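Visitor: I would like to go through this model term by term, asking what stands behind each word. Please set each value against its definition as we go.

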Amino acid sequence: MGNQSCVKILNEWDIVAARQLGRNVAKELGFGTVDQARITTAISELARNIYLYAGQGQICIEKIYDGGKAGLKIIAADNGPGINDIRQVMEDGFSTSGGLGAGLPGVKRLMDEFDIDSSPGSGTDIIATKWLR
Amino acid sequence: MRIPILKLHDCLLVSIQWELDDQTALQFQEDLLHKIHETSANGVVIDITSIDFIDSFIAKVLGDVISMSKLMGAKVVITGIQPAVAITLIELGIGLEDVLTALDLEKGLEKLQQELGD
């Protein structure tokens, strides 16, 4: 699909590559500096989660159009250990890594829409969207 | 690439000019502490005017280096936090509450002098 580009997350340099890709797409779509920072930060957090918890996975950035609206969709997918208790990781202040990663509630606040699908043993898929206002 | 650390009287000046990757951030942490030790500096200003986003990792490295500097007897002021950076940090849930900040380098140096009781 022409509207989607992906970065494989295998090491910490790929986190930089993923957020640069996200920032470029956000700029192309015409997002302002604050939304660009939100999107870049959200991608950085999601990519770091993949690197820390799953070891590897990928981040895809997609331009989406719905009626008259344009938006940017972040798809973070891995085949890592998955999440036992999704409600728990969505609580502010919850961390299993000793303070690295502000966690998923922060990412949810930065974006307009946030969906998580995960179960132990089957990896984690997170989709987060920001709409252009 | 290493972040240059300049000495000005009894202070150190740092201007972070490009997007930080993890290694650069951790290297900077170590370099700054060595430089404080070497120069007996009692104050540090870190200017981040050129930084357009801060994620939780960079925030943690910055917060840690401020605490580490404090342990060594040096106060740190962060200057030049952009509006977009302030907004995303708070939304992310990172307040950096105990950190001294100022709008720009000039005000940061003034604040540092006040803090150091000059």
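**Terms and values**

Guide: Of the 118 residues of chain B, 36% count as buried, where buried stands for 20 or more other C-beta atoms within 10 Å of the residue's own, exposed for 12 or fewer, and partly exposed for what lies in between, with C-beta atoms placed from the backbone. This is a predicted model, in which local features need pLDDT of at least 70 and side-chain atom pairs count only at pLDDT 80 or more, while totals for chains, interfaces and linings use all residues. Residues are numbered from 1 along each chain as its sequence is written, and chains are lettered from A, with ligands numbered from 1, in the order in which they are written.

Visitor: What makes strand 3 of chain B "mostly covered"?

Guide: Five of the five residues of strand 3 (residues 43-47) of chain B are buried; strands here are DSSP runs of E with at least two residues, helices are runs of H or I with at least four, and both are numbered from the N terminus. Gly43(B), Val45(B) and Asp47(B) point one way and Val44(B) and Ile46(B) the other, and all are buried.

Visitor: How do you know that strand 2 and strand 3 of chain B are joined?

Guide: Strands pair if DSSP finds at least two bridges between them, and five bridges join strand 2 (residues 11-15) of chain B to strand 3 of chain B, the two running parallel. As one example, Leu13(B) has Val45(B) as its bridge partner in strand 3 of chain B.

Visitor: Why is chain B called as compact as a globular protein of its length?

Guide: The globule rule is 2.2 Å times the number of residues to the power 0.38, and the radius of gyration is taken over C-alpha atoms. For 118 residues the rule gives 13 Å, and chain B has a radius of gyration of 13 Å, so chain B is as compact as a globular protein of that length. For chain A, with 133 residues, a compact globule would have a radius of gyration near 14 Å, and the value of 14 Å agrees.

Visitor: What makes the sheet of chain A open, and which strands stand at its edges?

Guide: Five strands form the open sheet in the order 1-2-3-5-4, with antiparallel pairing. Strand 1 (4-9) and strand 4 (113-118) of chain A stand at the edges, each with a single partner strand, so one side of each is left without a neighbour in the sheet. Six bridges join strand 4 of chain A to strand 5 (residues 124-131) of chain A, and Glu113(A) has Thr129(A) as its bridge partner in strand 5.

Visitor: How do you know that helix 2 of chain A packs on this sheet?

Guide: Helix 2 of chain A touches strand 1, strand 2, strand 3 and strand 5 of chain A, a contact being two residues whose C-beta atoms, placed from the backbone, lie within 7 Å. The direction of helix 2 makes about 15° with that of strand 3 of chain A, given that axes are lines fitted to C-alpha atoms, for helices over the stretch in contact, with angles from 0 to 180 degrees between N-to-C directions.

Visitor: What makes up the contact between the chains?

Guide: The contact takes 21 residues from chain A and 17 residues from chain B. On the side of chain A that touches chain B, the largest share, nine residues, comes from helix 2 of chain A.
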